[in-house]
Amino acid sequence: MADSAAVSGENEGTQRQAVKDAVPIMLGVIPFGLTCGLMGITVGLTAFEIVLMSALVFAGAAQFAAILLFGTTAAGWGLIVFTTLVVNLRHILMSASLAPSMQQAPLLKRFLLSFSLTDESFALTTAYRIRVGYSAVYQLTVSILLYFVWVGSTALGVLFASQISDPLAWGLDFAMPAGFIVLLVQSIGNRKNRIIALIAAVASIAGALMLPGKWYIIIACLAACLAGLVIDKEKS
Amino acid sequence: MRWDIISIILGMAAVTLLTRSAGLVWHSFGKNFSRYENFLRPIPIAVLTALVVPSLLMPDGRLHISIYNPYLIAGAFALLLAYKTRNVFITVALGMAMMLSLRYFGL
């Protein structure tokens, strides 16, 4: 009894921290969800189809790309699904990075955590892993929050499509990088991580300048992994 | 109900889940995963950096390093706040205030 009470108290603390960390990121998701709903209406999808997409796919960048393709008559099943796959390739790296931690969780939880793995939940969860340690409760809490904000703001975008013009121009999108800056500062305590962050910064800019979509995240990851390898070699 | 659209959405959902579970599935089956674990370790820092840096330096897709880029100025301010306070709420609240006032004053 005492043990389970201690565990549930611990979980509560973890959940509270998860909510605290997720709020600014949720704020930053809203304009993207609104834009998603708005764009879906513009290309002629129904309210049901757009909200269903957000609820089942739950991937901002991939949905934007798909919605643009829905707007062109030539795009069929193969092209849209393949585009989604390509845009989401970066999640393979994130899934691989979280795998050793996630493996302890039961199957249903692993399924839910995989389904809801986004850039944002990955960044929050791994920043927490660096600060405190991995927690499935933490990951699940931020994932659920981000999920409902994404689906909810998509629905609002659909609902108010005629009243709102460009949610991304409000400046609300700054909430996300601002929130991640704090997590980044907390994560680069040692010299190795600072060098890795610096190399990832340069690689992400180079990638964003030269490659379409979210490839810059993949480029940043690969450059950082190689840098880590070199740093470890030099140490030993 | 437009089943052609629904089937596209289901396809999108399937491939997205595929990418998001691929690492876990690989890890569950693979015996030599720990060899890669060390190699993959920098990924969280790289993702965090990639979520911050381009959105500040290239807010509209082009490199924009000048005092007329409100994302960069507010971002530098947020970085300072993050170092001083290590507090997400203070950093985001004051960073947003900075961002909105830069926009309001048309900088």
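The largest cavity of the predicted model is lined by Lys192(A), Cys225(A), Gly228(A), Leu229(A), Asp232(A), Asn38(B), Phe39(B), Arg41(B) and Pro42(B). A cavity is a set of points, on a 1 Å grid over the protein atoms alone, where a 1.4 Å probe fits but cannot get out, and lining residues have an atom within 4 Å of a point. Helix H11 (215-235) of chain A and H2 of chain B each give two or more residues to this lining, and H11(A) contributes the largest share, 4 residues. The volume of the largest cavity is about 50 Å³, and the count of cavities of 30 Å³ or more is 1.

This is a predicted model, in which local features need pLDDT of at least 70 and side-chain atom pairs count only at pLDDT 80 or more, whereas totals for chains, interfaces and linings use all residues. Residues are numbered from 1 along each chain as its sequence is written, chains are lettered from A in the order in which they are written, and side-chain values use heavy atoms, with hydrogens and water left out.

At the interface, 65 residues of chain B are in contact (heavy atoms within 4.5 Å) with 90 residues of chain A. Across this interface, 1 salt bridge is found, defined as a side-chain nitrogen of Lys or Arg within 4 Å of a carboxyl oxygen of Asp or Glu. Glu49(A) and Arg2(B) form a salt bridge in which the closest N and O atoms are 2.7 Å apart. On the side of chain B that touches chain A, helices H1 (3-29), H2 (33-40), H3 (43-57), H4 (70-85) and H5 (88-104) each give two or more residues, with the largest share, 22 residues, coming from H1(B). Helices are DSSP runs (H or I, at least four residues) numbered from the N terminus.

Conventions: 1 Å grid on protein atoms, 1.4 Å probe; cavity = no way out; pocket = protein on both sides within 12 Å on 5 of 7 lines; lining within 4 Å. Points joined across faces, edges and corners; volume = space filled by probe spheres on them.
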